[in-house]
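Subject: Structure handover

Hello,

Please find the structure below. My notes on what was found in it follow.

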Amino acid sequence: MNEVFTSAANQFRQKLPQFSRKVEVSRLYRKSLKLLASWAIDRDIFIDEADKIRARFDAGKDASDAKAIRLIKEAKDEIFKNTHPDPYCIPFMPGGSLFMRNPPIPLEVCFPDGNYPADAPKILFNPDMSICKEDTGKNAVGTVLVDFTKKNME
């Protein structure tokens with residue numbers, strides 16, 4: 001990319017949020033367990049490895065500020081190094097095996113005359129089975145872009 005494009009893109013990038021150390025460590029722990037779920041094939045193996053991860057996090061609980069910063073950096077590097085090439089995703093989300101397998105049939109197809117029963121659902125679903133909401137921007141009416149590399153709907 002050239003310098004002009006990079007400077008224009010930087011104007012629209014959001015500033016990364018600054019989290020407290022407790023929140024950052026909690027996020028690292030959660031991310032490490034999700035990463036472990038991608039690698040572990042058996043529940044017993046997952047539980048044993050999760051206990052080891054918990055022990056490592058507990059060992060650094062009372063660390064000084066400098067040591068805590070170093071441990072957080074090492075944890076981020078280790079998570080990046082051990083990232084799974086095809087991480088586990090929830091089956092009904094984009095990239096999952098159940099994604100759009102049985103989407104709900106539109107009411108217009110079921111009731112072409114427009115006489116909907118009183119107990120018919122009044123909500124619409126997105127392709128990822130979340131509820132369509134105008135205010136959140138997740139409103140899949142018409143064409144929808146599903147990014148399978150990030151496994152989300154845009």
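Leaving aside its neighbours within four places in sequence, which residues is Y116 in contact with? Y116 is in contact with L107, E108 and F111, where contact means heavy atoms within 4.5 Å. The place of Y116 is in the loop between α5 (107-110) and β1 (146-147). Y116 is partly exposed, at a relative accessible area of 40%. On that scale, buried means under 20% relative accessible area, exposed means over 50%, and partly exposed is in between (1.4 Å probe, protein chains only).

Two notes on the source. This is a predicted model, in which local features need pLDDT of at least 70 and side-chain atom pairs count only at pLDDT 80 or more, while totals for chains, interfaces and linings use all residues. Residues are numbered from 1 along each chain as its sequence is written, and side-chain values use heavy atoms, with hydrogens and water left out.

The overall picture

The protein has five helices and two strands, and from the N terminus on they run α-α-α-α-α-β-β. Helices (H or I, at least four residues) and strands (E, at least two) are DSSP runs, numbered from the N terminus. Of the 154 residues in the protein, 18% are buried. Among contacts with a separation of 6 or more, 48% are between residues 24 or more positions apart.

Helix α2 (21-39) has 19 residues and reaches 27 Å from its first C-alpha to its last, close to the 27 Å expected. The expected span of a helix is 1.5 Å times one less than its number of residues. The buried residues in α2 are L28, S32, L35, L36 and S38. They cover an arc of only 150° around the axis, which puts them on the same side of α2; the arc is that of the directions from the helix axis to the C-beta atoms. The face turned away from the buried side of α2 carries the exposed residues K22, R27, R30 and K34. What covers the buried residues of α2 includes α3 and α4.

Helix α3 (43-59) has 17 residues and reaches 24 Å, close to the expected 24 Å. Its buried residues are F46, A50 and I53. Seen down the axis of α3, they fall within an arc of 65°, so they line one face of the helix. On the other side of α3, D44, K52 and A59 are exposed. The buried residues of α3 pack against α2.

Helix α4 (65-81) also comes to 17 residues, with a reach of 24 Å, close to the 24 Å expected. Which residues of α4 are buried? They are A68, I72, A75 and I79. Down the axis of α4 these fall within an arc of 60°, so they line one face. An α-helix has 3.6 residues a turn, so residues three or four places apart point the same way. The face of α4 turned away from its buried side carries the exposed residues A66, I69, K73, F80 and K81. What covers the buried residues of α4 includes α2.

The largest pocket

The largest pocket has a volume of about 920 Å³. A pocket is found on a 1 Å grid over the protein atoms alone, as an open set of points where a 1.4 Å probe fits, with protein on both sides within 12 Å along at least five of seven lines. Grid points are joined across faces, edges and corners, and a volume is the space filled by probe spheres set on the points.

The pocket is lined by 30 residues, of which Y29, I53, R56, F57 and A75 lie nearest its centre; lining residues have an atom within 4 Å of a point. α2, α3 and α4 each supply at least two residues of the lining. The lining divides into 17 nonpolar, four polar and nine charged residues. Here Ala, Val, Leu, Ile, Met, Phe, Trp, Tyr, Cys and Pro count as nonpolar, Asp, Glu, Lys and Arg as charged, and the others, Gly among them, as polar.

Regards
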